[in-house]
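Here is a friendly note to go with your first look at this structure. Please keep the view open as you read the points below.

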Amino acid sequence: MTPDTLKDKVIPVLTILLALVVFWYVAAVLMNAPFQRDMDQRGNVAPATMEFIGKTLSQPKPILPAPHQVANSVFENTFLRKLSSNRSLIYHAGVTLSSTVVGFALGTLLGIAIAVGIVHIKTLDRSLMPWIIASQTVPILAIAPMVIVVLGAINITGLIPKALISTYLSFFPVAVGMVKGLRSPEIMHLDLMRTYNATALQTFWKLRVPASIPFLFTSMKVAIAASLVGAIVGELPTGAVAGIGSKLLAGSYYSQTIDIWAALVAGSVLAATLVAIVGLVAKIVDRAMGGRPA
């Protein structure tokens, strides 16, 4: 790691992270203080200031868990549990990951197909694109229960309903990105293909598709994160017994706020990992297409 990289990338990120942790601790003390003060009054206890702060940061069911409580829960339920354990975050992340990947794959294929149609068929451009944009204005929390109920009525349960909800969220960024990418070649390049007497199919594969690849992978980074959100949301109305969504439900039922935050952290780590994988694949494809490293 060069000094410039350390100065320009690592130090700013660590500074912001440290500021967030400090703010988190302060907020935890302020939000947990009323309950702790009430408990001390009932027990006729008058702790010193530092002791009182320590109590607010060590409550078993705090309103806002302290960072070390969340970190300890994540560590315990990640490294100290069997992968098959119902309390293992890796187990629950794996369940959510399966529907995320299926939904992301379906959403990507659907988005690409829609984009190709919009670019090559003017009628679809004028009629379909407004509806695609309008579809994303409907809250996913309203759509998810309907999808679950309708598919459940025809005995389709389990992974498929959650994957379809993920598909609904993930196809939009891919479609928009691919439309932009397929239309990105300059007029001069298109005229050159006509000069070469290239067919529409040859222009598509040799010019439009290569030009759209950077747009595709950029939109896929957004789509994979949206797909994860869809999978988690899809687990909520089903009353799922496994998955990150089920951990959130269980935590809310039993007021286990530490478990809720630990599940959120697990979801964030999973999302970051998936985005990083898509970014890595993008670099590999870029190198294969002759791109130069930045």
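1. A word on exposure to start: buried means under 20% relative accessible area, exposed over 50%, and partly exposed in between (1.4 Å probe, protein chains only). K9 has 59% relative accessibility, so K9 counts as exposed. You will find K9 in helix 1, residues 3–42; helices are DSSP runs (H or I, at least four residues), numbered from the N terminus.

2. Please keep in mind that this is a predicted model, where local features need pLDDT of at least 70, side-chain atom pairs count only at pLDDT 80 or more, and totals for chains, interfaces and linings use all residues. Residues are numbered from 1 along each chain as its sequence is written, and side-chain values use heavy atoms, with hydrogens and water left out.

3. Next, the aromatic rings. Rings of Phe, Tyr and Trp (its six-membered ring) pair if their centres lie within 6.5 Å; planes under 30 degrees apart count as stacked, over 60 as edge-to-face and the rest as tilted. The count by this rule is three aromatic pairs. In one of them, W24 and W261 have ring centres 5.2 Å apart and planes at 35 degrees, so this pair is tilted. The pair links distant parts of the chain, with W24 in helix 1 and W261 in helix 11 (residues 257–288), 237 residues apart.

4. How buried or exposed are these two? W24 counts as partly exposed because its relative accessibility is 21%, and W261 is also partly exposed, at 28%.

5. The rings of F204 and W205 also have centres 5.2 Å apart, but their planes stand at 80 degrees, so the pair is edge-to-face. F204 is buried, at 12% relative accessibility, whereas W205 is exposed, at 53%.

Technical notes: Helix = DSSP H or I, 4+ residues; strand = E, 2+ residues; numbered from the N terminus.
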